[in-house]
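Here are a few exercises to work through with the model open in your viewer. Try each task before reading its solution.

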Amino acid sequence: MPESIKPHPERAALAPLIEALTQAAGEHLLEAVAAEDMDEIALRPGGLLAVIDRLRAHGFNHLLDIGGTDHHPLTPRYEISYHLIAIPLGDNLRNPGRLMNLPRIRLRVFPQDLDPVVPSLAGIWPSANWPEREIFDLFGVRFEGHPDLRRLLNPDDFVGYPLRKDFPLRGLERRFVPGGRVGAVPPVKE
Amino acid sequence: MSSLDLAAFRDNPDIGLERGDERDTLVLSMGPQHPSTHGVLRVMLRLDGETVVTAEPEIGFLHTGIEKQAENLFWQQAITVVDRADYLAPLSNSLCYVLAAEQLLGIDNIPPRARVLRVMFTELTRLASHLVWLGTHCLDLGAQSIFFYAFEMRERILSIMEFVTGARMHQSWFRIGGLAIDVPVGFLDTIDDFVARFPERLADMRAIVEKNVIIVDRLVGIGKLTQHEAIDWGLTGPPLRATGIAYDIRRARPYCDYETYDFEVPTQTAGDCYARFVVRLNEMHESWRIIKQARERFPGGPVVIDDRKIVPPPKTEIQHSMEALIHHFKLVSSGFNVPEGHVYQAVESPRGEMGMYVTSAGGNKPWRVRWRPPSFYHTQALKRLAPGNLIADVVAIIGSLDPVFGDVDR
């Protein structure tokens with residue numbers, strides 16, 4: 001790790017917001033840290049919608065990405081990470097100088113291990129639809145309130161969640177069955 | 001209108017014809033073999049006559065598990081699979097990954113020569129990618145000759161790539177800590193030749209397409225997005241800039257000294273296919289300007305950092321230094337460890353904000369490499385862009401979003 005953290009001009013402006021966010025998360029808050037690249041808040045799924053509400057009120061309108069991570073065998077095992085930026089709307093947006101050092105924030109949501117469920121943001125941002133389906137497909141994390149939670153990258157009849165750490169990299173038995181595929185993947189142990 | 005129920009569609013032998021109260025609709029599967037879907041996109045269109053009522057893109061045909069593979073390779077080795085995601089701009093992918101790993105390792109002393117070459121080659125990659133887009137997009141619209149102009153120019157760029165890195169397509173030239181090898185003798189003449197030749201060729205290409213009445217008619221007013229919608233659908237890069245938001249990572253959060261280069265961020269305000277078209281054409285000119293400035297700087301010195309724990313020693317040293325041999329052996333057999341942590345690194349790829357959320361658990365392999373693939377979000381926006389247009393316009397819209405399916409499906 002570098003000796004000194006580079007000062008980010010947007011950090012100072014975010015300080016009161018972080019305070020408000022920790023309050024919004026309430027008992028669901030796990031930690032709020034100033035990470036090297038951006039500020040981040042770790043929380044339980046229960047506080048997600050309240051925090052997102054507060055963030056949207058502060059102008060965080062662009063949901064950059066939703067990603068999943070499996071920390072197996074650590075617990076909590078699954079991490080759903082949200083990256084957001086605030087793009088100011090109004091005049092002079094064609095001047096790139098106005099869009100320098102935009103406030104960024106990362107939310108890390110840790111659902112419970114056995115039945116991972118996270119509230120869906122697809123109703124708030126249409127762009128959240130596919131990434132949530134992808135995480136459902138690859139990690140088996142369910143998104144409550146998602147309008148169309150199906151597998152995205154893998155075929156609908158695929159068994160297992162490939163990006164879980166206990167899913168093997170290779171060595172799957174596959175055999176061709178006329179009219180469909182059976183027993184493609186052994187069931188994943190919880 | 002609810003999204004299409006594919007399972008019901010499969011069971012319905014009546015090829016998707018649905019009797020409505022007022023109008024009948026027809027479900028049409030466009031792709032994955034349709035030429036304008038650039039390989040492997042399938043769009044389920046619900047049509048009323050020739051007008052699209054709903055569009056549901058189906059992806060995953062090119063899913064190769066690159067993220068899973070990257071987790072099972074050493075930090076340095078993973079560059080090879082990372083390159084293969086967005087196969088039209090491989091060096092943008094590896095730059096993003098390499099910068100993220102360097103941030104986790106705390107390396108901030110990349111030699112100036114390596115930084116300049118990184119900028120120069122990612123911009124060359126951007127040109128090559130935009131040229132493929134220009135050729136194929138216009139081909140989709142029915143223009144033939146521009147394709148040959150664009151690919152002739154792209155071939156020159158690929159020749160430079162081959163000359164320098166040894167590979168035309170998947171260069172894997174960037175390394176954590178610098179570059180794999182220095183540029184060969186005679187490189188500067190090649191790049192000078194390219195820099196001198198490009199503006200004229202670009203002007204030729206613009207003369208063919210930019211004011212071409214067929215292209216203008218096919219693109220103006222099609223696939224319009226407002227700024228709010230573009231943000232809600234997670235667009236970045238040229239589609240976002242075509243709505244008048246000059247959001248470019250090279251300016252908004254500079255890396256590799258981009259803040260010291262003099263270039264514009266081209267924008268348009270219409271937000272339609274033609275605006276995206278013009279933004280990309282202007283971007284090509286700006287990339288050329290950056291390459292020219294990088295060529296003018298072109299400092300001497302090494303292209304890798306002097307850290308034997310990350311970068312293997314030069315071959316000549318290995319032959320007579322035992323310590324160098326040990327370092328080389330350790331790096332080849334077990335790689336290096338990266339301190340525990342996670343970081344989000346974004347670069348401006350030809351398609352938009354390419355981000356990587358890299359998590360390290362302290363081992364010699366990345367624990368998780370999460371992409372933020374720009375094409376993924378752009379393809380998703382088809383759901384919003386296609387309805388209300390004709391089938392032929394869907395072709396124009398897909399082309400104007402410039403998705404690359406290695407990037408969407410990974």
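**Exercise 1.** Which residues in H5(B) meet which residues in H17(B)?

*Solution.* Some ground rules come first. This is a predicted model, where local features need pLDDT of at least 70, side-chain atom pairs count only at pLDDT 80 or more, and totals for chains, interfaces and linings use all residues. Residues are numbered from 1 along each chain as its sequence is written, while chains are lettered from A and ligands numbered from 1 in the order in which they are written.

Step 1: on the H5(B) side, pick out Thr136(B), His137(B) and Asp140(B); their counterparts in H17(B) are Val395(B), Gly399(B) and Ser400(B). Being in contact takes C-beta atoms, placed from the backbone, within 7 Å. Helices (H or I, at least four residues) and strands (E, at least two) are DSSP runs, numbered from the N terminus.

Step 2: sort by class, and you get one nonpolar, four polar and one charged. Here Ala, Val, Leu, Ile, Met, Phe, Trp, Tyr, Cys and Pro are nonpolar, Asp, Glu, Lys and Arg are charged, and the others, Gly among them, are polar.

Step 3: check the geometry. H5 (residues 112-140) and H17 (residues 391-401) of chain B pack at about 175°, axes 9 Å apart. That's why H5(B) counts as roughly antiparallel to H17(B).

**Exercise 2.** What is the strand order of the open sheet in chain A, and which strands stand at its edges?

*Solution.* Step 1: the five strands run S1-S2-S5-S4-S3 (chain A), with mixed pairing.

Step 1: S1 (29-34) and S3 of chain A are the edges; each has a single partner strand, so one side of each lacks a neighbour in the sheet.

Step 2: look at one pair. S1(A) and S2 (residues 39-43) of chain A pair in the antiparallel sense over five bridges; pairing needs at least two bridges found by DSSP.

Terms used. Axes fitted to C-alpha atoms, helices over the stretch in contact; angles between N-to-C directions. Parallel < 35°, antiparallel > 145°, perpendicular 65-115°, else oblique. Contact = placed C-beta atoms within 7 Å.
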